[in-house]
Amino acid sequence: MADSKKWVVMATAQTPTNIAVIKYWGKRDETLILPVNDSISVTLDPSHLCTTTTVAVSPGFEQDRMWLNGKEISLSGGRFQSCLREIRSRACDVEDKEKGIKIEKKDWEKLHVHIASYNNFPTAAGLASSAAGLACLVFSLAKLMNLKENPSQLSAIARQGSGSACRSLFGGFVKWIMGKDENGSDSLAVQLVEEEHWNELVIIIAVVSARQKETSSTSGMRESVETSLLLQHRAKEIVPKRMVKMEEAIKNRDFSSFAQLTCADSNQFHAVCLDTSPPIFYMNDTSHRIISYVEKWNRSEGSPQVAYTFDAGPNAVLIARNRQVAAQLLQRLLFFFPPNSDTDLNSYVLGDKSILHDAGIGDLKDVEALQCPPEITNVPAQKYTGEINNFICTKPGRGPVLLSDESKALLNPESGLPK
Ligand code: ADE
């Protein structure tokens, strides 16, 4: 190792978030984060929702430190420590001939790292920030320390930071295989199909106005495992059969089957939450209104046009079968959930704004002029102004990437401190 205290070596990566269409709910091992069932997710386009993380190493660093969205946070938690330990133990030689720096395998145990991470969406909005965050931490450290492990092997490390993080190591549709080993070595993610495989899909997230959620996923899951008989039945009898059908639906781009399975699995997950003692309520009245409306529309069309899924919070993730349906969906959502008069459309509909254009909506006047959808018979239909914070239009996206452009780094290349 070059003995100058001055040098800093860095790596920056961008990692997507993901939404499960077959849900992960319940651990069989709390420390290793081993689930009670397999799960499947779709990776969301990182241009709209992602984490960027820069990791740096220098002999001048006195301790491991991390900054999240510009604020220093503690790395002492068991989950961060598991990831750091697992990565350090697999680190390899790194050589930068230009800078005259050589770090040998044995040096990594003594060197400290600085980590700066930024989520391009609100961390508290309930949009799986820890999945993208922990996946990005593991991916960027693996690049910095020159690990030889493949993405599935890295996913088993990310899993120990946050269960669903393992699915953010790939783009497209991803399966988390629960595994059988007690040590967790076979509980990892694999890619089912790449993002291009089903590129007609459009995803609209309705970020529901709500207070901070009341029960964390970690404690909610533990309480469900301890008290819900439905969870046991779901894990043993329902999910194994559903996994086979869902993989088939994804491979064949069979939207009807995909939508039916996605909605049924989301509803069963929330039924498990209700079956927990004391019961857990993650969805609210707005979530229920969205479900009822999508069910009504799908029935009136004769076959599913939109699938819905809800994680441990009230936000709706709506998957439309194609762009045309997505434009109709956005019109309907804006009809029922118009923005407050002081909100501008540009901050109400985020992400891929071309869906707004397809829907023929250029400004708030166009929203006011929207007609009641024909499937609504109990006119005048009720409107729910202010129940939604914003919509994010997105699509299935790619997996993690290394950003080689140094201007994207979140740490200063000389000091190793946040820019
Ligand atoms: N939790 C939420 N966001 C995170 C991030 N970007 N990195 C680590 N943990 C997180």
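Which elements do the buried residues of α4 pack against? The model is predicted, so local features need pLDDT of at least 70 and side-chain atom pairs count only at pLDDT 80 or more, while totals for chains, interfaces and linings use all residues. Residues are numbered from 1 along each chain as its sequence is written.

Helices (H or I, at least four residues) and strands (E, at least two) are DSSP runs, numbered from the N terminus. A residue is buried if 20 or more other C-beta atoms, placed from the backbone, lie within 10 Å of its own, and exposed if 12 or fewer do. In helix α4 (residues 217–227), the buried residues are S217, G220, M221 and S224. They lie on the same side of α4, because they cover an arc of only 95° around the axis. The arc is taken from the directions from the helix axis to the C-beta atoms. S219 and E226 are exposed on the other side. The buried residues of α4 pack against β3 (27–29), α5 (229–251) and α6 (255–274); contact requires C-beta atoms within 7 Å.

The largest nonpolar core has 120 residues. Such a core joins buried Ala, Val, Leu, Ile, Met, Phe, Trp, Tyr and Cys residues through C-beta atoms within 7 Å. Helix α2 (residues 129–144) gives the most to this core, with eleven residues. V138, I204, A206 and L318 have the most contacts inside the core. Leaving out residues up to four places away in sequence, L318 touches I203, I204, A206, V294, V306, Y308 and L329.

Notes:
Two residues are in contact if their C-beta atoms, placed from the backbone, lie within 7 Å.
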